[in-house]
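The exercises below are to be worked through with the sequence and the 3D structure side by side. Each one sets a task and then gives a solution in steps.

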Amino acid sequence: MRRFRRLRQTEEMRSFVRETRIAVEDLVYPVFVQEGTGIKEPVPSMPGVFRYSIDRLDGILDQILGLGIPAVLLFGIPAHKDEKGSGAYDPEGITQRAIRHIKERAPFLIVIADICLCEYTSHGHCGLVKDGQILNDETLPLLARAALTNADARADIIAPSDMMDGRVAAIRRELDENGHRNVPVLSYSAKYASGYYGPFRDAAESAPQFGDRRSYQMDPANAREAIREMEDDLEEGADMLIVKPALAYLDILKIAREKFLVPIIAYNVSGEYSMVKAAALQGWIDEKRIVLENMIAMKRAGADRIITYHALDVAGWILGK
Ligand code: PBG
Ligand code: ZN
């Protein structure tokens, strides 16, 4: 008989033989910035998450810095939307101004700019629309411009989340030709057409006004296709990859880890967050225990870093705050 239980007798021994750990340095916190002033508005379907106007950002920035969380992922909610998503690439757009503010206030905080059109288009799709179709090639220059204006605002990392084919190459070229050769691209490579994005679309007001995103995001049933997406994005110049959602796609995360040598980031999305929060608020689960277990699961599957709305809580628990 093998006595596995020998190494499980005390917390000291369990800690000594523990294979996977979660650290504050692993975390990325998503932040929603909204046009306007004096705004700190709760997102109803995401308890604990708020949308901030730029003048109210400092409070949350201080919290992030105080906990030592190294990076934020920025989403913008513009005042006006139009067919072409102009707000996404306006040099004076909401994320562009928010990034300038953050980099002035917290120069060492890594700012990742999510690049997409859906928060800025009146139809809510991630690309240009014609005759009910989401156009691919015509969308690429707009995404490239969105990347450039955010890089000009001193975003540290550009993260395209639209799932148009060829966008990484288009963005890489635009950045290189305009003095941003050293700005890395973190591609949402394996991004599935998922029901788990529901609460985010409330938060970002980015729900499609007709149809769905299945003609550009991936079919949840496909794993091999994710490898091709990731291979392709690396060939086009991506420096790091995202798997999204995370918890229902740990197999994809593991494949990504085994197959590619670049940093792999798991996106623990809004629906995954809200389900845990809802059950915790009902008193049906132990929130801290479940959240930390989920974090370990993503790291064990191969995530180098985790984008999560739980980041503030997780950092607090790790630090004993
Ligand atoms: C926009 C975008 C989405 C998310 C990140 N960027 C939503 C979508 O594709 O509809 C989802 C994030 C989350 O659910 O937490 N392209
Ligand atoms: Zn989008």
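Cysteine 116 and cysteine 118 are both buried, where buried means under 20% relative accessible area, exposed over 50% and partly exposed in between, calculated with a 1.4 Å probe on protein chains only. This is a predicted model, in which local features need pLDDT of at least 70 and side-chain atom pairs count only at pLDDT 80 or more, whereas totals for chains, interfaces and linings use all residues. Residues are numbered from 1 along each chain as its sequence is written, chains are lettered from A and ligands numbered from 1 in the order in which they are written, and side-chain values use heavy atoms, with hydrogens and water left out.

**Exercise 1. Determine which protein atoms are donors of the zinc ion (ligand 2), and what geometry the site has.**

Step 1. Donors are N, O and S atoms within 2.8 Å of the metal (3.2 Å for Na, K and Ca), and water is not among the atoms, so sites may look incomplete. By this criterion the protein donors are the SG atoms of Cys116, Cys118 and Cys126, which lie 2.2 to 2.3 Å from the zinc ion (ligand 2).

Step 2. Along the sequence, these donor residues follow the spacing C-x1-C-x7-C.

Step 3. The four donor atoms of the zinc ion (ligand 2) make angles of 98 to 121°. Four donors count as tetrahedral if all angles lie between 85 and 135 degrees; four count as square planar and six as octahedral if opposite donors are over 155 degrees apart and all others between 65 and 115, and anything else is irregular. The site is therefore tetrahedral. For reference, the ideal angle for four tetrahedral donors is 109.5 degrees.

**Exercise 2. State how many aromatic pairs the whole structure holds, and classify two of them by their geometry.**

Step 1. A search of the whole structure gives nine aromatic pairs. Rings of Phe, Tyr and Trp (its six-membered ring) pair if their centres lie within 6.5 Å, and planes under 30 degrees apart count as stacked, over 60 as edge-to-face and the rest as tilted.

Step 2. One of the pairs joins phenylalanine 75 and phenylalanine 200, which are 4.8 Å apart centre to centre with 75° between the planes, an edge-to-face arrangement. Phenylalanine 75 lies in strand S4 (residues 71–77) and phenylalanine 200 in helix H6 (residues 198–204), so this pair ties together parts 125 residues apart in sequence. Phenylalanine 75 is buried at a relative accessible area of 3%, and phenylalanine 200 is buried at 12%.

Step 3. Tyrosine 192 and tyrosine 249 have ring centres 4.4 Å apart and planes at 25°, so they are stacked. Tyrosine 192 is in the loop between strand S9 (186–191) and H6, and tyrosine 249, 57 residues away, is in the loop between strand S10 (240–244) and helix H8 (250–259).

**Exercise 3. Find what surrounds tyrosine 188.**

Step 1. Tyrosine 188 lies in strand S9 and is buried, with a relative accessible area of 0%.

Step 2. Ring pairs link Tyr188 into a cluster with Phe32, Phe75, Phe200, Tyr267, Tyr273 and Tyr309.

Step 3. Residues up to four places away in sequence not being counted, tyrosine 188 touches a set of residues that includes Leu73, Asp114, Met163, Asp233 and Lys244.

**Exercise 4. Locate the backbone features of proline 245 and methionine 163.**

Step 1. Most residues other than glycine have a negative phi, and most peptide bonds are trans.

Step 2. The peptide bond from lysine 244 to proline 245 is cis, with omega near -10°, and proline 245 is found in the loop between S10 and H8.

Step 3. Methionine 163, although not a glycine, has a positive phi of about 70°; this residue lies in the loop between strand S8 (157–160) and helix H5 (167–177).

Technical notes:
Helix = DSSP H or I, 4+ residues; strand = E, 2+ residues; numbered from the N terminus. Contact = heavy atoms within 4.5 Å.
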